[in-house]
Amino acid sequence: MPEVSPRPPNWHNSSCETAEQANCKCDCRGAGHQNDLLKRASTCPDAAEYAELENDLRKVFGGFHRNERDVTTYTRSARSVPETKEIPHLRLTVGKGATWFETLLVDEALHTAFLLLARASLRLDDTAREAQGRYVESVTKSAIDIVRSQGPSTGSVESHVWCGIVSEYLASMEETETSTPHPENFADIRYPRKTRGRTPTALKEVGEQGMWHLADNFETHEHVPRSRRIELLRLVGAATCPDLWSHSAAVRFCLEPFVLAAAWPPKNTTRIAIPPGFDQLRLRWSRKKNW
């Protein structure tokens, strides 16, 4: 493995680890984003901590909408909410209506995935929770040294370096053939109905190191069951993504597996981010080879 370059001054703005929005200009290229929420979900010890996490997640991602035309429930502040008067007539398959529906899907799925793993943590003993916390901490914190830039990121595309690497690693772990070929580029960032996107320039420099880092951590944290390591890594990839709506590989390899699991959705969570909705998402994004 190549050596990691020396740490530059002011190398990481740790406030991005508790950032509520994804417009962080830190040089961590996404590896540090929302680490506070990741740690709290993976080590949630009791009902009181769960309630605090649940409240904070609602502030970040919004509430769980009653249906696709519910514009009264709080929505993630980065999103554009249709006006009450237009929502009854808004087509959810094209343009503004499609964007509204698709962003609800990815935001509510990520919100629910956090709660799913926090509830799983509640059922563990202290030793198992600590092991999960060490795994998440090792995967994320150490990755900052690997994928960081020498100064603040200048564009949103560069913040997708880490989630692109995690998506590619998870895809490499798939044991069965899928009907849809894997993308050539796991960090293709674009408006979902466009043909062309942009790729972080740093991937050529740090991609191999990032993949090695993930493989090494996955093998060495044997105290966490393999299935749970995969789930935690999926949450890492989805949560550190600046905007899942523009990163189809992160949705496909980090987020969709949660939605397709037998126990999804957990009680009192999403009514929207369920398999029929993701079937629509997959179909729409595949039309422009965005899946």
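Predicted model: local features only at pLDDT ≥ 70, side-chain atom pairs only at ≥ 80, totals over all residues.
Let me begin with the chain as a whole. The protein chain has nine helices and zero strands, so that, read from the N terminus on, the order of elements is simply α-α-α-α-α-α-α-α-α. Of its 291 residues, 52% count as buried, and the chain exposes about 13900 Å², with carbon and sulfur atoms supplying 50% of that area. If we take the contacts between residues at least 6 apart in sequence, 72% of them join residues at least 24 apart.

Now to the histidine I mentioned, His160, which you will find in the loop between helix 4, residues 126-147, and helix 5, residues 161-172. Is His160 buried or exposed? The relative accessible area of His160 is 2%, and because the cut-off for buried is under 20%, this residue counts as buried.

Helix 3, residues 95-122, packs with helix 8, residues 248-259, at an angle of about 65°, and their axes are 10 Å apart. The crossing of helix 3 with helix 8 is left-handed. On the helix 3 side we have Val106, Ala109, Leu110, Ala113, Leu116 and Leu117, and these meet Val251, Leu255, Phe258 and Val259 of helix 8. Sorted by class, the residues of this contact are 10 nonpolar, with no polar and no charged ones.

Helix 8 also has a contact with helix 9, residues 275-286, and here the axes come within 11 Å and cross at roughly 160°. Angles over 145 degrees count as roughly antiparallel, which means that helix 8 is described in that way relative to helix 9. This crossing, too, is left-handed. From helix 8 the contact takes Ser248, Val251, Leu255, Glu256 and Val259, while helix 9 brings Pro275, Phe278, Leu281, Arg282 and Trp285. By class, this contact of helix 8 with helix 9 has seven nonpolar residues, one polar and two charged.

To close on helix 8, Val251, Leu255 and Val259 are among the residues that meet helix 3, and Val251, Leu255 and Val259 are also among those in the contact with helix 9.

Note on methods:
Residues numbered from 1 in each chain as written. Heavy atoms only, no water. Helix = DSSP H or I, 4+ residues; strand = E, 2+ residues; numbered from the N terminus. Buried < 20%, exposed > 50% of the residue type's maximum accessible area, 1.4 Å probe, protein only. Contact = heavy atoms within 4.5 Å. Areas by Shrake-Rupley, 256 points an atom, 1.4 Å probe, with all protein chains shown as cover. Axes fitted to C-alpha atoms, helices over the stretch in contact; angles between N-to-C directions. Left-handed = near helix turned anticlockwise from the far one by under 90°. Nonpolar A, V, L, I, M, F, W, Y, C, P; charged D, E, K, R; others polar. Parallel < 35°, antiparallel > 145°, perpendicular 65-115°, else oblique.
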